[in-house]
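Open your viewer and have the selection tool ready. We will go from one aromatic site to the next.

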Amino acid sequence: MADTASTKNLALAKAINESLRHALEADPKVLIMGEDVGKLGGVFRVTDGLQKDFGESRVIDTPLAESGIVGTAIGLALRGYRPVVEIQFDGFVFPAYDQIVTQLAKMHARSLGKVKLPVVVRIPYGGGIGAVEHHSESPEALFAHVSGLKIVSPSNASDAYWMMQQAIQSDDPVIFFEPKRRYWDKAEVNTEAIPGPLHKAKVVREGTDLTLVAYGPMVKLCQEVAAAAAEEGKNLEVVDLRSVSPLDFDSIQASVEKTRRLVVVHEAPVFFGSGAEIAARITERCFYHLEAPVLRVGGYHAPYPPARLEEEYLPGLDRVLDAVDRALAY
Amino acid sequence: MTVESTAAHKPRRSAGSKAGASGTERARTTARKSAEPELVQLLTPEGKRVKNAKNAEYAKYVSGVTPEDLRGLYRDMVLTRRFDAEATALQRQGELGLWASLLGQEAAQIGSGRATREDDYVFPTYREHGVAWCRGVDPTNLLGMFRGVNNGGWDPNGNNFHLYTIVIGSQTLHATGYAMGVAKDGADSAVIAYFGDGASSQGDVAESFTFSAVYNAPVVFFCQNNQWAISEPTEKQTRVPLYQRAQGYGFPGVRVDGNDVLACLAVTRWALERARNGEGPTLVEAYTYRMGAHTTSDDPTKYRADEEREAWEAKDPILRLRRHLEASNHTDEGFFAELEAESEALGRRVREAVRAMPDPDRFAIFENVYADGHALVDEERAQFAAYQASFATESESGFAAGTGGN
């Protein structure tokens, strides 16, 4: 479909790029910071061209020091700036974990609300691209466990565009997990639409027999699962969470009260993962509606494997379909 | 007599210097001992002014200091020490859960704190009570977190004095980022970050040096080397004098006598002026001594000798300025008597304020977790409220625990 004045067909990475460009234009306090974000445009080219157009003082190439990136972003936010920092890959966020958890997350509360920290931490995350170790992880639960942070992950280009705008406008620190294996997936982006709330889930496929809940890279998989199940006469509903913290339990509950079965899918290890939280709360909320225990499909309690094994580790079509069958068998 | 020095003090300085120590002694002693004579000092422990070529560059930054200014610095140090002693006593009396005493570090903090301008921004660690005093933060506000009624206690933007930071060294990066913002804004204010000798080992401090140098940020790193990181001496942190670290990052480092308030004032003014002039970061190492424990939970008798403390007591920052004031006829007995009365009044005010501090409202748990709100916090606050309300209901219906127990 051809682009119109307000609608563009964009890859997810390009949608974030346009979103950042819009934010830089709209607010002189917005800054982009990170390793290689300038001339190179980031290793995934998400910040491509931004330094050229906005200069080195707005789009800042940083030393290779993740704690330094987040720690100085905190200082810039204290001075009134709205930094958007890029952590190059998921597994590299850990040197900055201390600054994020002990400082970024807590300073608003410690100051009794006097200090706001509108910092966005962008993290390309997840597997499926054949990378070496520390380049394929899904650490969202480690951040969701920390109060003071908000955690979001878009699954498509349109959400990526709008959720980034909303994350930058938020006065809270937002960890923005970008599904790197979906960076090249294209979708229609209406840049003049009025977006829904940042932390509201979306039903992306209506169904009656079972609810599949996912976010980020697993939403597309769940839509494929629902399409495959439909061929077997099963009518699955797919809910895209979009936000991991806060988590929209009301939307999941509404879906489960309709379908009475729930399977949660994420790439992160199942053990202590976001699926565990969803299962526990939905069990509390929907105990008398459920026809089957809430099942989870995700990674194993093992280091992310070498690339030649990642298809075994990651939830795929068959593993999710297997869980769907088990839930329907109760 | 004014605050001028005489050459007569030079031999005294060199007597303890590297040049005066034999090779054998140096092999036995540590880097910190051998490097101590590199101090910038303007007042000797005996209260006499020092003037030499090395100090001249810094001395000019205090050339305009009047006798009244000196009395002001003395007053600041005395009142800060009094406040600190009161807080220590309050901890012993069970009014505070913990206290981190600054005893011995008054000159480093008052000298550097008084060097800052109102529009400068200060990032402290958790022992900067004297700097807070200089910034106009009411000292009673410092006690809330130690009493356990809050995790901060003051508006950081009220006096451009950030909240205390417990995680060692984290604030050096916040200071650097803030300074990067100051530079972006085209402002001529400066930022000063406080940390200790132990923090110098932290990666965040190294990263803050890197970032500040790369972006030429107007930040002064003020390291109070008080010789001990809880039980670990400085030799467990470094093989080179700490101020020399700056060289590897491409900015100047200077070691100042941290027990000499005049030298601390001068060197910090110099460093802040560099920042304001766009000359970038500076590392100041204030060579001082923590006379008390790390915190009230610590027991320094287990790891350091009495003689060491006694040697440092001879270099007491307050005593040395008093000697100088008295020798210079800048004061009379009335001054000291009035200050003593003011000091007692401060102690009383602090004591009464702490005891009067109310416990926070129980719903404070849920306040300010997020600026824009969070559904889970709202849900848990409602659950908490319902749980609390359930006691009122039980009480009204005669099922309160007290009633049931009878």
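The charged end of which residue sits over the ring of Trp312(B)? Select Lys315(B): its charged end is 3.9 Å from the centre of that ring. A charge counts as sitting over a ring if NZ of Lys or CZ of Arg is within 6 Å of the ring centre and within 35 degrees of the ring normal.

A note before moving on: this is a predicted model, where local features need pLDDT of at least 70 and side-chain atom pairs count only at pLDDT 80 or more, while totals for chains, interfaces and linings use all residues. Residues are numbered from 1 along each chain as its sequence is written, chains are lettered from A and ligands numbered from 1 in the order in which they are written, and side-chain values use heavy atoms, leaving out hydrogens and water.

Next, select Lys29(A) and Tyr81(A): the charged end of Lys29(A) sits over the Tyr81(A) ring, 4.5 Å from its centre.

Now for ring pairs. Over all chains there are 41 aromatic pairs (rings of Phe, Tyr and Trp, the last by its six-membered ring, with centres within 6.5 Å; planes under 30 degrees apart are stacked, over 60 edge-to-face, the rest tilted). Pick Tyr125(A) and Phe177(A): their ring centres are 4.9 Å apart and their planes at 55°, so this pair is tilted. Both Tyr125(A) and Phe177(A) are buried (under 20% relative accessible area, with exposed over 50% and partly exposed in between; 1.4 Å probe, protein chains only).

Finally, select Phe44(A), Phe89(A), Phe92(A), Tyr183(A) and Trp184(A) together; ring pairs link them into a cluster.
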